[in-house]
Amino acid sequence: MDAAKALQLLQQIHSFGQTDLREACEVEIARDFENCVQLSSFTKLSSSQLARILARDDLWVTQEEVVVQGLFNWMKTSKKRRSHLGMLLQLIDLPSLSTQNLKRLRSFAQSMGEDGFELQYSADEALRSQLKAKAQRTEGFHRPPGKRRCLQHWSTEQRSFSRSYIRGRWVAGDWGTRFGSIPPSWNT
């Protein structure tokens with residue numbers, strides 16, 4: 001089953017209680033989330049269906065911004081959905097967003113008035129977390145991975161990671177398998 005069919009099927013089976021089929025659909029949607037958010041059937045998901053998908057550990061995206069954009073596209077289709085935004089935004093890994101997008105999200109929260117207070121607080125907290133992580137990196141500490149497995153280093157042309165982690169450093173290319181050895185300058 002492909003992700004587009006999984007989206008359509010998930011909308012139809014929600015009232016039948018088919019938990020195995022529902023799980024299979026959610027797995028497929030999580031696997032191909034970036035393509036799913038571009039389909040019109042994505043905006044027809046209920047808030048609870050979307051929440052279950054966003055909460056999945058196996059939701060793979062290149063960047064967390066894809067999740068946020070999908071959520072806002074889903075929300076735009078009905079004004080009633082704005083009431084679910086706070087709950088759904090809690091499922092976003094805010095510290096994984098870029099600083100610029102966190103600031104945009106914070107501005108959006110401010111425009112929401114009282115309804116945006118929690119989002120504004122969460123965005124501020126994520127910004128502080130990023131500043132702290134940046135300071136720790138300069139001191140030699142490394143930030144633990146985010147809650148999602150973002151494939152931000154995936155290269156579709158090479159079907160591999162564009163950078164590799166060798167001896168505690170990210171390096172360009174996959175030297176170990178492509179060239180048979182690590183460049184001498186990195187053998188420290």
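Trainee: What share of the 188 residues of the protein counts as buried?
Mentor: This is a predicted model, where local features need pLDDT of at least 70 and side-chain atom pairs count only at pLDDT 80 or more, while totals for chains, interfaces and linings use all residues. Residues are numbered from 1 along each chain as its sequence is written, and side-chain values use heavy atoms, with hydrogens and water left out. Buried means under 20% relative accessible area, exposed over 50%, and partly exposed in between (1.4 Å probe, protein chains only). Of the 188 residues of the protein, the buried share is 37%.

Trainee: In what order do the elements of the protein run from the N terminus on?
Mentor: Helices (H or I, at least four residues) and strands (E, at least two) are DSSP runs, numbered from the N terminus. The protein has 9 helices and 4 strands. Their order is α-α-α-α-α-α-α-α-β-β-β-β-α.

Trainee: Is helix 5 largely enclosed or largely open, and why?
Mentor: Helix 5 has 13 residues. Its buried residues include Glu 64, Glu 65, Phe 72 and Trp 74. Because 10 of the 13 residues of helix 5 are buried, the rest of the structure leaves this helix largely enclosed.

Trainee: And what covers those buried residues of helix 5?
Mentor: Here contact means heavy atoms within 4.5 Å. The cover includes helix 3 (33-36), helix 4 (47-54), helix 6 and helix 7.

Trainee: Which residues of helix 7 are buried, and why do they sit on the same side?
Mentor: Helix 7 covers residues 99-111 and reaches 19 Å from its first C-alpha to its last, close to the 18 Å expected at 1.5 Å a residue (the expected span being 1.5 Å times one less than the number of residues). An α-helix has 3.6 residues a turn, so residues three or four places apart point the same way. The buried ones are Leu 102, Leu 105 and Ala 109.

Trainee: Which exposed residues does the face of helix 7 turned away from its buried side carry?
Mentor: The buried side has cover that includes helix 5 (64-76) and helix 8. On the face turned away from it, the exposed residues are Gln 100 and Ser 111.

Trainee: How far apart are the end C-alpha atoms of helix 8?
Mentor: Helix 8 has buried residues that include Leu 119, Ala 123 and Leu 127, and their cover includes helix 6 and helix 7. At 1.5 Å a residue, its 22 residues should span 32 Å, and the model agrees: the end C-alpha atoms are apart by 32 Å.

Trainee: Which helix gives the most to the lining of the second largest pocket?
Mentor: A pocket is an open set of points on a 1 Å grid over the protein atoms alone, where a 1.4 Å probe fits, with protein on both sides within 12 Å along at least five of seven lines; lining residues have an atom within 4 Å of a point. This one is lined by 16 residues, with Gly 86, Leu 89, Gln 90, Leu 119 and Ser 122 nearest its centre. Helix 6 (85-89) and helix 8 (117-138) each supply at least two residues of the lining. With 5 residues, the helix that gives the most is helix 8.
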